[in-house]
Amino acid sequence: MTTPQARRPGRRLDLDVPSVLVDTAERMFGEGGVDAVSVRAVARDAGVAPAAVFYHFASKDDLVTAVVDRRGRAVSDEMRANLVALADSKQKTSVRDVIDAVLLPLVHVIDDDPVAGLNWMKVVDWLGVTRDAAFYEAQDIEPGITALFATCVRRATGRRSQKIGRRYGIAMFGMLHALARADLYGYGGAVGPSGLDSDWVEQLAVFTAGGLEAP
């Protein structure tokens, strides 16, 4: 019988360490909150030394940004493409069309991976509420998603006012917050092993569109 050779201390060569760290951070930040989870805790759960985190990510903020970017770039690109198509369309655009353009890319994240996707949504929701730069970085590409959203809503409603303008952020962050809390009882426990309940998503879209269409 051969005794297994002990692994020498040092950098793990059998792991894709950045990916493992992002996976672990996404889960821990989503479950426990970004503020409450330390870099040391992420390293411990990932099975690497704390120094390994800082070897790949200069700071906790950089690790958070990596978590957001891994799914967020594709989501932002899909939203932007949807909104540009509406802005350029010759056909009449409805408010519901605009809501779907922003909401459905987020829904797809959870439907594709209900556990990890929901954890990612919780991180993004926290960052959005706390105005963290990591959340807004993806909007630096022109045209910005917020500006496109506003343009499309104005076109759909035919109205432009400060009162209506204040609803844009409420609509976008309201949808994001609801999705991030879709597993909780108060939000209907709308997420399961196969993703989000489709009727719950429909009602979220109807509710948000109604708020933008109100006088």
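This is a predicted model: local features need pLDDT of at least 70, side-chain atom pairs count only at pLDDT 80 or more; totals for chains, interfaces and linings use all residues.
Colleague: Why are H1 and H4 called roughly perpendicular to each other?

Modeller: The axes of helix H1 (residues 17-32) and H4 cross at roughly 90° and come within 9 Å. Axes are lines fitted to C-alpha atoms, for helices over the stretch in contact, with angles from 0 to 180 degrees between N-to-C directions. The pair is therefore roughly perpendicular.

Colleague: Which residues of H1 and H4 make the contact?

Modeller: H1 contributes Ser 19, Leu 21, Val 22, Asp 23, Ala 25, Glu 26 and Phe 29, and H4 contributes Lys 60, Leu 63, Val 64, Ala 66, Val 67, Arg 70 and Arg 71; contact means heavy atoms within 4.5 Å. By class, the contact of H1 with H4 has eight nonpolar, one polar and five charged residues. Ala, Val, Leu, Ile, Met, Phe, Trp, Tyr, Cys and Pro count as nonpolar, Asp, Glu, Lys and Arg as charged, and the others, Gly among them, as polar.

Colleague: What makes Pro 18 count as partly exposed?

Modeller: Buried means under 20% relative accessible area, exposed over 50%, and partly exposed in between (1.4 Å probe, protein chains only). Pro 18, in helix H1, has 27% relative accessibility and so counts as partly exposed. Beyond residues up to four places away in sequence, Pro 18 touches His 56 and Phe 57.

Colleague: Why does Ser 59 count as partly exposed?

Modeller: The relative accessibility of Ser 59 is 26%, so this residue counts as partly exposed. Ser 59 lies in the loop between helix H3 (50-56) and helix H4 (60-88). Its C-alpha atom is separated by 8.6 Å from that of Val 39, 20 residues apart along the chain.

Colleague: What makes H5 oblique to H6?

Modeller: Their axes cross at roughly 140° and come within 5 Å, which makes H5 oblique to H6. Leu 106, Val 109, Ile 110, Asp 111 and Asp 112 in H5 meet Pro 114, Gly 117, Leu 118, Trp 120 and Met 121 in H6. Seven nonpolar, one polar and two charged residues form the contact of H5 with H6.

Colleague: Why are H6 and H9 called oblique to each other?

Modeller: Helix H6 (residues 114-129) and helix H9 (residues 162-180) pack at about 140°, with axes 8 Å apart, so H6 and H9 are oblique to each other. Leu 118, Met 121, Lys 122, Val 124, Asp 125 and Gly 128 of H6 make the contact with Phe 173, Leu 176, His 177, Leu 179 and Ala 180 of H9. The residues of this contact divide into seven nonpolar, two polar and two charged.

Colleague: Which residues touch the most other members of the largest nonpolar core?

Modeller: They are Phe 29, Phe 149 and Leu 179, in a core of 68 residues. Such a core is a set of buried Ala, Val, Leu, Ile, Met, Phe, Trp, Tyr and Cys residues joined through side-chain atoms within 4.5 Å. Helix H5 (residues 95-112) gives the most to this core, with ten residues. Leaving aside neighbours within four places in sequence, the contacts of Phe 29 include Val 34, Val 37, Val 42 and Val 123.

Colleague: How many helices and strands does the protein chain contain?

Modeller: The protein chain has ten helices and two strands, which are DSSP runs numbered from the N terminus (helices H or I, at least four residues; strands E, at least two). Buried residues make up 43% of its 215 residues.

Conventions
Residues are numbered from 1 along each chain as its sequence is written. Side-chain values use heavy atoms; hydrogens and water are left out. Angles under 35 degrees count as roughly parallel, over 145 as roughly antiparallel, 65 to 115 as roughly perpendicular and the rest as oblique.
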